[in-house]
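Reader: Hi! I'd like to talk through this model with you. Could you take me through the helix packing to start with?

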Amino acid sequence: MKDKPSWRFFLTWLAVYTILDILLEFLLHGHLAWNQLPGAIEGAILGATLTWFFALFRWYKAQDRF
């Protein structure tokens, strides 16, 4: 990994995880429940944060090799 993970990386994964959560909710329950949106965003924030930390860890490891 050449560049340090940025806010753009975090926001991209936040959007992806939110869409996946809403899509799974629709597929499993057959309808969209807009009152579930805060929970979907909460889970997406957790997933995006963990993804960002993992990318940051990989970036630090890549920097140690040089």
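Reader: Thanks! So how are α1 and α2 oriented to each other?

Author: α1 and α2 are oblique to each other; angles under 35 degrees count as roughly parallel, over 145 as roughly antiparallel, 65 to 115 as roughly perpendicular and the rest as oblique. They pack at an angle of about 140°, and their axes are 8 Å apart. Axes here are lines fitted to C-alpha atoms, for helices over the stretch in contact, with angles from 0 to 180 degrees between N-to-C directions.

Reader: Where did the model come from, and what should I keep in mind?

Author: It is a predicted model, where local features need pLDDT of at least 70 and side-chain atom pairs count only at pLDDT 80 or more, while totals for chains, interfaces and linings use all residues. Residues are numbered from 1 along each chain as its sequence is written, and side-chain values use heavy atoms, with hydrogens and water left out.

Reader: Nice. Which residues of α1 and α2 meet?

Author: From α1, the residues include Phe-9, Trp-13 and Tyr-17, and from α2 they include Ala-44, Ala-48 and Trp-52. Contact means heavy atoms within 4.5 Å. The residues of this contact divide into 14 nonpolar, five polar and one charged.

Reader: What does Phe-9 touch beyond its neighbours within four places in sequence?

Author: Phe-9 is in contact with Thr-51, Trp-52 and Ala-55. Phe-9 belongs to helix α1, residues 7-29 (helices are DSSP runs of H or I, at least four residues, and strands are runs of E, at least two, numbered from the N terminus).

Reader: Switching topic: how many helices and strands does the protein chain have?

Author: The protein chain has two helices and zero strands. Its radius of gyration is 15 Å, well over the 11 Å from the globule rule for 66 residues, so the chain is more spread out than a compact globule. That radius is taken over C-alpha atoms, and the rule is 2.2 Å times the number of residues to the power 0.38.

Technical notes:
Ala, Val, Leu, Ile, Met, Phe, Trp, Tyr, Cys and Pro count as nonpolar, Asp, Glu, Lys and Arg as charged, and the others, Gly among them, as polar.
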